[in-house]
Amino acid sequence: MSGLDRFEARKKLWSDLEETDLAVKKEPHNLRVPRSQCGGEVIEPLVSKQWFVTMQPLAEKALLAVEKGELTIIPERFEKIYNHWLTNIKDWCISRQLWWGHCIPVWYIVGKDCEEEYIVARSAEEALMKARDKYGKDVEVYQDPDVLDTWFSSALWPFSTLGWPDLLAEDFKRFYPTTMLETGHDILFFWVARMVMMGIEFTGTVPFSYVYLHGLIRDSQGRKMSKTLGNVIDPLDTIKVFGTDALRFTLALGTSGQDLNLSTERLTANKAFTNKLWNAGKFVLQVLPNRYNVSSWQNIEACKLCVSTGKTHTQTINSRKIVFVRGRNP
């Protein structure tokens with residue numbers, strides 16, 4: 001079977017079983033077959049060697065940062081989720097078999113066992129230098145073909161973009177650590193917690209003092225928007241139909257850390273409401289006196305004072321008689 005494609009190997013194996021009378025029966029069976037979103041290939045498990053990071057020591061420092069007040073999570077209720085994840089953390093597999101990403105900084109020795117003989121270095125030149133010191137000048141090295149998990153690379157972002165590992169870099173000294181990170185609550189563990197752990201580990205301090213978590217904009221059924229589901233709402237198309245004010249007002253109704261379901265019904269209702277606000281504002285501007293009419297503005301201020309004190313005051317504005325009473329405006 002060696003060298004055969006897995007599908008051909010299965011056919012050959014079944015054929016051999018039938019020829020040796022070891023096959024019992026053959027019957028159809030329905031099952032869910034996962035396929036690649038890009039190419040449509042069948043996805044199947046494959047046992048392989050991976051690189052892991054021991055997370056428990058890193059998590060303990062990140063938990064302590066919140067406990068000591070060095071890091072504040074807003075809204076406060078998300079601290080429980082943060083603590084739960086880090087308290088029950090598992091080792092992190094950081095190997096990825098992708099075409100792009102940060103290459104894992106590990107080199108192997110040609111002709112040596114990869115599990116026992118490997119070199120960690122910042123560059124191929126440094127790896128080759130270390131290998132020659134240990135195995136002689138004729139040694140050859142090759143880099144691990146895997147790349148780092150995207151979230152691992154992202155965890156380094158707060159300081160790797162500022163000149164790190166040069167701690168004396170001007171940008172690093174000026175902008176690290178920063179004050180606040182604002183992001184979605186769904187990546188509190190995937191990104192935020194990992195940035196905190198990496199920041200403390202490599203720089204000795206948390207990368208930011210506050211984390212403000214906003215909610216997610218979902219579709220009318222409460223599902224996350226994605227290209228796969230085809231439920232993405234383009235804000236530019238929404239503005240063309242409902243207007244900028246309606247969209248802004250709808251999004252502003254969301255509270256901190258709370259998801260918002262965006263639907264055409266809600267946008268339609270808010271379009272009507274913002275239109276009423278516009279007309280009301282337009283009416284008020286029409287009946288207001290000229291900016292240079294000091295006496296009229298003084299009378300308006302007097303009316304406002306009467307409303308706040310509960311007294312009745314009659315005043316004529318642009319030939320309109322208006323009676324102001326506390327809690328009532330007939």
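This report covers strand pairing, pockets, salt bridges and backbone geometry in a predicted model.

Residues are numbered from 1 along each chain as its sequence is written, and side-chain values use heavy atoms, with hydrogens and water left out. As the model is predicted, local features need pLDDT of at least 70 and side-chain atom pairs count only at pLDDT 80 or more, while totals for chains, interfaces and linings use all residues.

## Strands and sheets

Helices (H or I, at least four residues) and strands (E, at least two) are DSSP runs, numbered from the N terminus. Two strands pair if DSSP finds at least two bridges between them. Strands of a sheet pair through backbone hydrogen bonds, either parallel or antiparallel.

Strand S5 (residues 106-109) pairs with S7 in the antiparallel sense over 3 bridges. There, Trp-107 stands opposite Gln-143 of S7.

Strand S10 (residues 208-214) takes part in parallel pairing. Strand S2 (residues 72-74) runs parallel to S10 and is joined to S10 by 3 bridges. Ile-73 stands opposite Val-211 in S10. Strand S9 (residues 178-184) also runs parallel to S10, with 6 bridges between them. Thr-183 has Leu-213 as its bridge partner in S10.

## Pockets

Rolling a probe the size of a water molecule over the atoms shows where empty space is left. The search uses a 1 Å grid over the protein atoms alone: a cavity is a set of points where a 1.4 Å probe fits but cannot get out, and a pocket is an open set with protein on both sides within 12 Å along at least five of seven lines; lining residues have an atom within 4 Å of a point. Grid points are joined across faces, edges and corners, and a volume is the space filled by probe spheres set on the points.

The largest pocket has a volume of about 510 Å³. It is lined by 17 residues, and Pro-105, Leu-148, Phe-152, Leu-156 and Trp-164 lie nearest its centre. Helix H8 (residues 188-203) gives the largest share of this lining, 3 residues. By class, the lining of the largest pocket has 13 nonpolar, 2 polar and 2 charged residues. Ala, Val, Leu, Ile, Met, Phe, Trp, Tyr, Cys and Pro count as nonpolar, Asp, Glu, Lys and Arg as charged, and the others, Gly among them, as polar.

The second largest pocket holds about 290 Å³ of space. Glu-44, Leu-46, Ser-48, Lys-49, Gln-50, Gln-97 and Asp-146 line the second largest pocket. That lining divides into 1 nonpolar, 3 polar and 3 charged residues.

## Salt bridges

The structure holds 12 salt bridges, each a side-chain nitrogen of Lys or Arg within 4 Å of a carboxyl oxygen of Asp or Glu. The table lists some of them.

| Asp-16 | Lys-12 | 3.1 Å |

Buried means under 20% relative accessible area, exposed over 50%, and partly exposed in between (1.4 Å probe, protein chains only). Asp-16 and Lys-12 both lie in helix H1 (residues 6-19), 4 residues apart, about one turn of the helix. Asp-16 is partly exposed at 26%, and Lys-12 is partly exposed at 41%. Both Glu-27 and Lys-25 are exposed. Asp-219 is buried, with a relative accessible area of 5%, whereas Arg-223 is partly exposed at 32%. Arg-6, Arg-10 and Glu-44 are linked in a network of salt bridges. Glu-44 also lines the second largest pocket.

## Backbone geometry

Most residues other than glycine have a negative phi, and most peptide bonds are trans. A cis peptide bond joins Ile-74 and Pro-75, with omega about 0°. Pro-75 lies in the loop between S2 and helix H3 (78-87). Another cis peptide bond joins Tyr-176 and Pro-177, with omega about -5°. Pro-177 is in the loop between helix H7 (170-175) and S9.

Asp-21 is not a glycine, yet has a positive phi of about 60°. Asp-21 sits in the loop between H1 and strand S1 (52-53). Its relative accessibility is 68%, so Asp-21 counts as exposed.
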